[in-house]
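Here is a short briefing on a protein chain and the RNA strand beside it. Look over the sequence and the structure first, then read the points below.

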Amino acid sequence: MKKCVTNALYDVLKKDFVLEKPKDLSFGHYATPLAFSLAKELRKSPQIIAQDLCQQFQKNPMFCEVSAISGYINFKLSEAFLDERATWAIAHEELFARADYSEKILLEFVSANPTGPLHIGHARGAIIGDALYRIGKHLGYDIKTEYYVNDAGNQIYLLGLSLYLAGKEQILHQSVQWPQEFYRGEYIIDLAHEASNELGLEIFNDEANIEKLSNWGKDKMLQLIRSNLAGVGIEFDNFVSEKSLYDKWDSSFEKLQKSQKTYTQEGKTWIRSSDLGDEKDRVVIRDDGRPTYLAGDIIYHDDKFQRGFDRYINIWGADHHGYIARVKAAIHFLGFDESRLEVILAQMVSLLKGGEPYKMSKRAGNFILMSDVVAEVGSDALRFVFLSKKSDTQLEFDVDMFAQEDSSNPIFYINYAHARINQVFAKSGKDSNAIVGIKLENLSEDATNLLYSALLLPEVLEEAFHQRQVQKLPEYLKNLAAAFHKFYNENRVIGEKNEDKYLKIFATVALSLRVGLSLIGIKAKNKM
RNA sequence: GCGCUCGUAGCUCAAUUGGAUAGAGCAACGGACUUCGGAUCCGUAGGUUGUAGGUUCGACUCCUGUCGGGCGCACCA
């Protein structure tokens, strides 16, 4: 819809302009402040320029009114134009709000260490990533999702060590000396019991088994993580093992060296990441020859870029923000265009229950488990809160908010709008086929505006995706539901002379709600 | 100390990326046809957008300073 208007204006104006939705719909459906920027150049007042420009659009059948108000040019869409869009949408439900982008995108998210269950912080990144994936896919993008598994290095060793010591202490009842760092959640003890069942008690007798325990434990944890994700309806196209990538280190390292941006000092190999905005240079190979964590990420991104996507999006926890510069530098040194990598940061989440801090799970080692929260508020609600806020602001929410079944619960409120429409249709005895051909004319301003709002979904999706601002979608759905409830309260439908016209508008509203919800991973309800 | 980031109604958050009178929900108060589902709707009150400057026709948005919160400053992942 916006594109049609933009094109229509461009044909006349032949220059770039800002097209926006007026805050107050009584001004119009679209507006441009173009006259302000022309004022200086034309040496006329914005109001006069706007009035002149208005003239040129009066005859366009797309608009029923074009007006100049205090320098803005406002456009009201005609009923015929809106009707045409609605008819098409209802007749082509599957194609509604789609686009024909075809860029290939690799979206990496979650990538939590496979050393324990997912906690609430991981959940935010997971949910944002999944929504971005769904929206992008709907718009035609060729997106693949990927989870990078850190199955090498010290953390995995610590997992094995923790299992080993827990087994010794809890199962063999031997006294053990715990190191400073280890995994303390009670799930480690459960896992140790599981290990003794599957691998035999003797596994805890020999330190040489730690590696075996590491691998076994890592696989178990990955399974657990996948089931945590499945609990909110998230699946990945691909899991990439860090460990398996190390075979390719030589070729990645060779590329780095070609860039002349590596050097050796104190027996370690460094990259000159500070040349590209990093705070300091970084070690990639330690003096004992072991690669650092960054080396893994260098191979991984080398591998990613060789796979030839147009764009790479990584969603990281905000505590990793300092890491962006060095990875981008490394990508540049590998000979790739680092601007193709975009990093979205997901900020911290703090949870309340009844105004008090949400209790941490001892089982998890004093983290809040994602699965606990999902069990308490449900997948839909959790998705909705996380998606309603910008990803880069710290967020606090109270799980009790979702106990209410009324308008204070946005999920409920939106579903209720959808269900109401369903009920009205049921009462009327008609379905969408029966009303799709109805001509929409002589509508009240409220009815026209409701229809207009329902038809905004396509441009909301584009904005949300292109700006990587998923919160725009839930925001839109809330507003659309509110507009519907208001209209519904003020207008009778069944048995009135406008029955079929209103049903057609409602069908469009329901369609937008349904599609919009599905793209944030929620199935719209037909009955409450 | 340095870097990144956030600061909007009492609370939780939006604000078309520089545009019109900064908007929703919660909490408070007052209302609505004996309803196509009142699980909804309407109204009142609440703001110097942390603060001081700057840029311009126009700033929550951009720049500088300052205060406050968060995060980071590994050869851990």
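Chain A is divided into domain 1 (2-77), domain 2 (154-216) and domain 3 (406-519). These bounds come from an automatic or database domain assignment. This is a predicted model: local features need pLDDT of at least 70, side-chain atom pairs count only at pLDDT 80 or more, and totals for chains, interfaces and linings use all residues. Residues are numbered from 1 along each chain as its sequence is written, while chains are lettered from A and ligands numbered from 1 in the order in which they are written.

**Overall build**

- The C-alpha centres of domain 1 and domain 2 lie 70 Å apart.
- Along the principal axes, the C-alpha atoms of chain A fill a box of roughly 85 × 55 × 40 Å.
- Chain A has 20 helices and 14 strands. These are DSSP runs numbered from the N terminus (helices: H or I, at least four residues; strands: E, at least two).
- Of the 528 residues in chain A, 40% are buried. Buried means that 20 or more other C-beta atoms, placed from the backbone, lie within 10 Å of the residue's own.
- Residues 24 or more positions apart account for 73% of the chain A contacts with a separation of 6 or more. A contact needs C-beta atoms, placed from the backbone, within 7 Å.

**Around RNA strand B**

- RNA strand B is surrounded by 73 residues, and the closest are Ala31, Asn150, Gly153, Gly322 and Ser407. A residue counts as near if its C-beta atom, placed from the backbone, lies within 6 Å of the strand.
- Elements giving two or more residues to this surface include α2 (34-42), β3 (72-77) and α6 (154-171).
- Helix α19 gives the largest share, 8 residues.
- The surface divides into 24 nonpolar, 24 polar and 25 charged residues. Nonpolar covers Ala, Val, Leu, Ile, Met, Phe, Trp, Tyr, Cys and Pro; charged covers Asp, Glu, Lys and Arg; the others, Gly among them, are polar.

**How α19 packs**

- Helix α18 (residues 457-466) and helix α19 (residues 472-490) pack at about 155°, with axes 9 Å apart. They are therefore roughly antiparallel (angles over 145 degrees).
- Val460, Leu461, Glu463 and Ala464 of α18 make this contact with Lys472, Leu473 and Tyr476 of α19.
- Helix α14 (residues 379-388) packs against α19 at about 110°, with axes 7 Å apart. This pair is therefore roughly perpendicular (65 to 115 degrees).
- Here Phe384, Leu387 and Ser388 in α14 meet Leu473, Pro474 and Glu475 in α19.

Key
Axes are lines fitted to C-alpha atoms, for helices over the stretch in contact, and angles run from 0 to 180 degrees between N-to-C directions. Angles under 35 degrees count as roughly parallel, over 145 as roughly antiparallel, 65 to 115 as roughly perpendicular and the rest as oblique. Two residues are in contact if their C-beta atoms, placed from the backbone, lie within 7 Å. A residue is buried if 20 or more other C-beta atoms lie within 10 Å of its own, exposed if 12 or fewer, and partly exposed in between; C-beta atoms are placed from the backbone.
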